[in-house]
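Me: I have a model open and want to learn how to read its features. Can we take them one at a time?

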Amino acid sequence: MPIDRGAVGSRVRVTFRDGFNCVGTVRRVSFDRRGRQKILVEYSIGNERAVRPSLPSQSVEILE
């Protein structure tokens, strides 16, 4: 399932090359002028991290 604006509120698994892996909730999906996607994931209350799936070191998977 692709990550789009309809995924807000979905639970996701996020993996980074630096070893930071988490399960969180999609809070916002946005696109820059070049069409690159940025997903804001809240992984604990008040803690958020931006994910850019276009980078090979970052991945997001929707949990079902």
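Me: In what order do the five strands lie in the open sheet?
Reply: Strands here are DSSP E runs of at least two residues, numbered from the N terminus. Two strands pair if DSSP finds at least two bridges between them. In this predicted model, the order is β4-β3-β2-β1-β5, with antiparallel pairing. β4 (47-51) and β5 (58-62) are the edges; each has a single partner strand, so one side of each lacks a neighbour in the sheet. The twist averages 40 degrees from one strand to the next; axes are lines fitted to C-alpha atoms, and angles run from 0 to 180 degrees between N-to-C directions.

Me: What should I know about numbering and confidence before going on?
Reply: Residues count from 1 along each chain as its sequence is written, and side-chain values use heavy atoms, without hydrogens or water. The model is predicted: local features need pLDDT of at least 70, side-chain atom pairs count only at pLDDT 80 or more, and totals for chains, interfaces and linings use all residues.

Me: How many bridges join β1 to β2?
Reply: Five, and the two strands run antiparallel. Val-14 has Cys-22 in β2 as its bridge partner. Four residues separate the strands of this hairpin, and Gly-19 takes a positive phi near 95 degrees. On β5, β1 also pairs antiparallel over five bridges, where Val-12 stands opposite Ile-62.

Me: Which residues of β1 form the covered face, and which the uncovered one?
Reply: Val-12, Val-14 and Phe-16 are covered; Arg-11, Arg-13 and Thr-15 are uncovered.

Me: How many residues are in the largest nonpolar core?
Reply: A nonpolar core is a set of buried Ala, Val, Leu, Ile, Met, Phe, Trp, Tyr and Cys residues joined through side-chain atoms within 4.5 Å. Buried means under 20% relative accessible area, exposed over 50%, partly exposed in between (1.4 Å probe, protein chains only). The largest core has 13 residues; among those with the most contacts inside it are Ile-3, Val-12, Val-14 and Val-51. β1 (11-16), β2 (21-31), β3 and β5 each supply at least two of its residues. Contact means heavy atoms within 4.5 Å. Beyond four places in sequence, Val-51 contacts residues including Phe-16, Gln-37 and Val-60.

Me: Is Gln-37 buried or exposed?
Reply: Gln-37 counts as buried because its relative accessibility is 15%. Gln-37 sits in β3. Its side chain reaches the backbone oxygen of Ile-3 at 2.6 Å.

Key: A polar contact is a pair of N or O atoms within 3.5 Å; within protein, one must be able to donate a hydrogen and the other to accept it, and residues adjacent in sequence count only if both atoms are side-chain atoms.
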